[in-house]
Amino acid sequence: MTATPVNGMTLSEQSVLGAHAPRTQRTGQSLPFNDELHLQAHRWLVDEAYLLDAQDYDEWLARVADDVHYLMPVRVTTALGAGYSTSPGMAHLDENKYSLSRRVARFATEHAWTEDPPSRLRHYVTNVRTFRTEKADEIVAESAVLLFRSRGDVGEAATVSAGREDLLRRTGTGWELARRTIMLDESVIRMQNLAIFL
Amino acid sequence: MTDQSAVLQDVRQGMIPAHIYNDKEIFDLEKERLFSRSWLFVAHESEVPEAGDYVVRRVLEDSFIISRDEKGEIRAMFNMCLHRGMQVCRAEMGNASHFRCPYHGWSYRNDGRIVGLPFHQEAFGGEEGFRKKGQTLLPAPSLGIYNGLIFISLDPDAQPLEDFLGDFKFYLDYYTKQSADGIELRGPQRWRIKANWKIGAENFAGDMYHTPQTHTSVVEIGLFREPKAEKRKDGTTYWAGNGGGTTYKLPEGGLEDRLRYVGYPDEMIERMKGQWSQQQLDVIGKDGFMISAASLFPNMSFVHNWPRVEEGSDEVLPFISIRQWQPISENETEVLSWFAVDKNASEEYKALSYKAYLMCFGSGGMFEQDDVENWVSLTNTAAGSMARRLLLNGRMGLLENGENVVEPLTPEQYSGPGSTRVGYSEYNQRELLLRWADHLERPARAAAQLHVGVDSVSAAPAACATETAPDAAAAVPAMTSQEA
C-alpha cells in the first residue's frame, strides 16, 4: 500500500533526486501498540499534524532532518501485473531540505497569494504502524493521512487521501523526519495546487 | 443556442465579456465548434518509446489510446470497443500487444485491428454477418507529429499540422529540438483547478504584466532573479502562426554568454549551435532575447525558466515544461504538466533541470501556485450577473484609436518570424481570442456516422452537425476500414 521496496530499493532511492536519501529499511513485524517506540512515533506524527494544521512551518522544518528526502510520486493507473503504479521519473514533490526551506520561506513573504488568506487545514492521521530498522535510533512509521483544505469563503473544500512511509531518526533533542514517501490515492489531484505538506 | 455574435464582436475589439470565463452556453459552443476541429496535443513520442507502449489521453470526453504498434508506427485510436462501446484500455499507460474488451472479449492489436471476436461464426454467422477483416478501432480522424509532439484533430479534413503550426514552428524548436534527438518527456502531473481553460492559455501566451505582482514571492526567496517589473518589460511578446509567447531581455554578450547566463552547459550550447538555424540563434545571440512562456492555440502551453536550484550558489539552471489545459467544464480544467528535457543532455543536467521544474511549475511549483489562485477567483466571479455587464479591457498595447503604444520590432531588431513587440501588451491574448471567436462562428464540420462490420447499410446523413456549414465537407461515406 505504501512505499514497499521494489527490487530491494525504496521509491526514494529510485528517484533521480534521491541520492542523499537515507537508505534505512524496516525489519520485522509491526510493533505492538504499547511499545515505547510506537508510542513515541505516534506522538510525533500527531504533533506534526497539529503543526501543519496551524501552518507553523518554521517549527515543522526544525523537526526535519538535514538529509531529508520528501517524495510524493505521481500515481498512475496501470494494469494488474504492470509492476508499477507511479509515473516513471516524475513526482509531484521531490524535495530536499533546501527546497523545503524555500517553500517555507515563501509562505513567510507577504506575497504567497495561494495561502493569503490562509487555507484552513486539517490533517487526519490514522492507521499508524511502526517498525524497527537495522539502526537502533531509526524507525519506520507508516500512516494514512486525509487532508481537508478549505480555501476562501465559497467553493468546495478539497480533500487528499494518501498513505505515507516515514523514516524517523532519534537525535539529542527528539525525533526528526529523515525520509517521507507519500503515496496519493488519486492519479488526478482534485486540489488547485500542492501548497501544503502531507 | 443564443446568438453569440455580440460576444464575438466585442472580443474582436479587445473588449472581453467577463462571462466567457464561466458560461455553460459558451462552453457548449467551444466543445461543438472549437475542440471538434482544432489540432490538439495528446502525447510525445518519447512517452511511447518501444513497440507496444501506450498512453491513454482524452480530448474532452473522448478517450484515445496513443500507442506504438509492432512496426513502430504511432497510432491514435478511439478507446471504445466497436461492439458495445466499452473502453478497451482502462489503464493510463503501459505496454500491451493487444487490448481486450472486458465486456464480451473482443480484442484488438496495438495497431487497432480486431484479432479476436468470440463466437464470430455462431453469433454473427461469420464474415457474412460481421465483416471482421480489416476492422479497426476508430482511428483519430487526423494525426500529425512535429518534433515528436503528437497532435490529433477530430476533423478528418484538418489542415496539415505543419500548416497549422506555421511560423510557430520556429519557436517550438527552442523547446523541443535542442539537439538532433529532441526531447524526452516525463509525467504528466495531473490536477484539476476550478478555473476556465482559456485563462491559463492566455496567461502563458503573453501575460508578462502579471509576473511582477503575482510572482513577487519567488524573487523574494531567491528562487528566481528575473521578474522584477523593470526587467520583465524589456522582453518581447511575439505571435507567429497559431501560437505566441514571451521573451526575456538578456544581458550584453554573445550567443554563448547569453546561453550560459540562463544556465546551459557548454556541451548543450554546442549542440544548439549545430541544431538551430542562424535566424534562431540570432534571436538569442544578436537580438538578445530568450524564449520564455508560450501558448499554441487552443490549449497547449510551454514554459522555459531558469531558477536557482541549489543552496549557496548563484548558478541558475533552465527547465522546459509542456502543458495542456484540458477543459472539464466551463469552470473546471484538468492541467497536464510534463517535464521536458533534451534527450542528449547529461544525466546530471537532467536531474537538476527536473529539480528546477518541480520547484517552479507543475502541481507543486512555487510560481504556479499563485497563478491558479488568481484564475480560480476570476472564474468564480465570472459566473455572476454583474459579469454579464462587464467588458474586460484586453486592449493593452493599443490606443483608443487602435494605434500601437509601441511599434513592432523591425527585422533589424528581431530575427524571428511573426509580430514582435517590446513591453507589456495583450496582443497575444487577443490573437488567441480572435481564433477562438472565429471557431465559435463556424459550425462543427458535418461528420458521417461510421457503420462498422457491414457494407450494405447506406451512408448515414450527417450526425452531429447542428447547422450546415457552407464549407462543411460532404458527409464521409461509411468507413469500410480497409487496413491502412
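## Close-up views of a predicted two-chain model

**Figure 1. The interface between chain B and chain A.** About 3,600 Å² of area is buried between chain B and chain A, and carbon and sulfur atoms give 56% of it. The model shown here and in the views that follow is a predicted one. To the contact, chain B contributes 43 residues and chain A contributes 42 residues. Between chain B and chain A there are two salt bridges, and 26 residue pairs are in polar contact across the interface of chain B and chain A, both residues of each pair being at pLDDT 80 or more. The elements of chain B that give two or more residues to the side touching chain A are strand 6 (93-95), strand 12 (183-193), helix 7 (211-214), helix 8, strand 18 (332-342), helix 13 (347-360) and helix 14 (366-381). Strand 12 of chain B supplies the largest share of the side that touches chain A, namely eight residues.

Figure 2. The side chain of A:Arg151 meets that of B:Glu373 in a salt bridge, with a distance of 2.6 Å from N to O. Side chains of opposite charge can pair when their charged atoms come close. When residues up to four places away in sequence are not counted, B:Thr216 touches A:His111 and B:Thr211. The relative accessible area of B:Thr216 is 17%, so this residue is buried, the cut-off for that class being under 20%.

**Figure 3. Strand 18 of chain B and the strands that pair with it.** Strand 12 of chain B pairs with strand 18 of chain B in the antiparallel sense over nine bridges, and in this pairing B:Glu184 stands opposite B:Val341 in strand 18. Strand 17 (residues 319-329) of chain B likewise pairs with strand 18 of chain B in the antiparallel sense, over nine bridges, and B:Ile320 has B:Ala340 in strand 18 as its bridge partner. Strand 17 and strand 18 of chain B are joined by a hairpin through two residues. Strand 18 of chain B is mostly covered, with eleven of its eleven residues buried. From this strand B:Glu332, B:Glu334, B:Leu336, B:Trp338, B:Ala340 and B:Asp342 point one way, whereas B:Thr333, B:Val335, B:Ser337, B:Phe339 and B:Val341 point the other way, and all are buried.

**Figure 4. An open sheet of three strands in chain B.** The strands of this open sheet follow the order 2-11-10 in chain B, and their pairing is antiparallel. Strand 2 (40-44) and strand 10 (142-146) of chain B each have a single partner strand and stand at the edges, so one side of each is left without a neighbour in the sheet. On average, neighbouring strands of this sheet are turned by 30° against each other, direction ignored. Strand 10 of chain B pairs with strand 11 (residues 149-153) of chain B in the antiparallel sense over five bridges, and B:Ile145 has B:Ile150 in strand 11 as its bridge partner.

**Figure 5. Salt bridges within chain B.** The side chains of B:Arg388 and B:Asp23 form a salt bridge at 2.8 Å, N to O. This pair links distant parts of the chain, 365 residues apart, with B:Arg388 in the loop between helix 14 and strand 19 (391-393) of chain B and B:Asp23 in the loop between strand 1 (15-17) and helix 2 (24-34) of chain B. B:Arg388 has a relative accessibility of 52% and therefore counts as exposed, whereas B:Asp23 is buried, with a relative accessible area of 7%. The side chains of B:Asp287 and B:Lys286 also meet in a salt bridge, at 3.5 Å from N to O, and B:Asp287 counts as buried at 6% relative accessibility.

**Figure 6. Salt bridges within chain A.** A:Glu59 and A:Arg63 form a salt bridge in which the closest N and O atoms are 3.5 Å apart. A:Glu59 counts as partly exposed at 35% relative accessibility, and A:Arg63 is partly exposed with a relative accessible area of 25%. Elsewhere, a network of salt bridges links A:Arg26, A:Arg129, A:Glu142, A:Glu165 and A:Arg179. Over all chains, the count comes to 49 salt bridges.

Key. Residues numbered from 1 in each chain as written. Chains lettered and ligands numbered in written order. Predicted model: local features only at pLDDT ≥ 70, side-chain atom pairs only at ≥ 80, totals over all residues. Heavy atoms only, no water. Buried < 20%, exposed > 50% of the residue type's maximum accessible area, 1.4 Å probe, protein only. Contact = heavy atoms within 4.5 Å. Pairing = 2+ DSSP bridges. Helix = DSSP H or I, 4+ residues; strand = E, 2+ residues; numbered from the N terminus. Axes fitted to C-alpha atoms, helices over the stretch in contact; angles between N-to-C directions. Buried area = accessible area lost by both parts, 1.4 Å probe. Salt bridge = Lys/Arg side-chain N within 4 Å of Asp/Glu carboxyl O. Polar contact = N/O pair within 3.5 Å; in protein donor to acceptor, adjacent residues only side chain to side chain.
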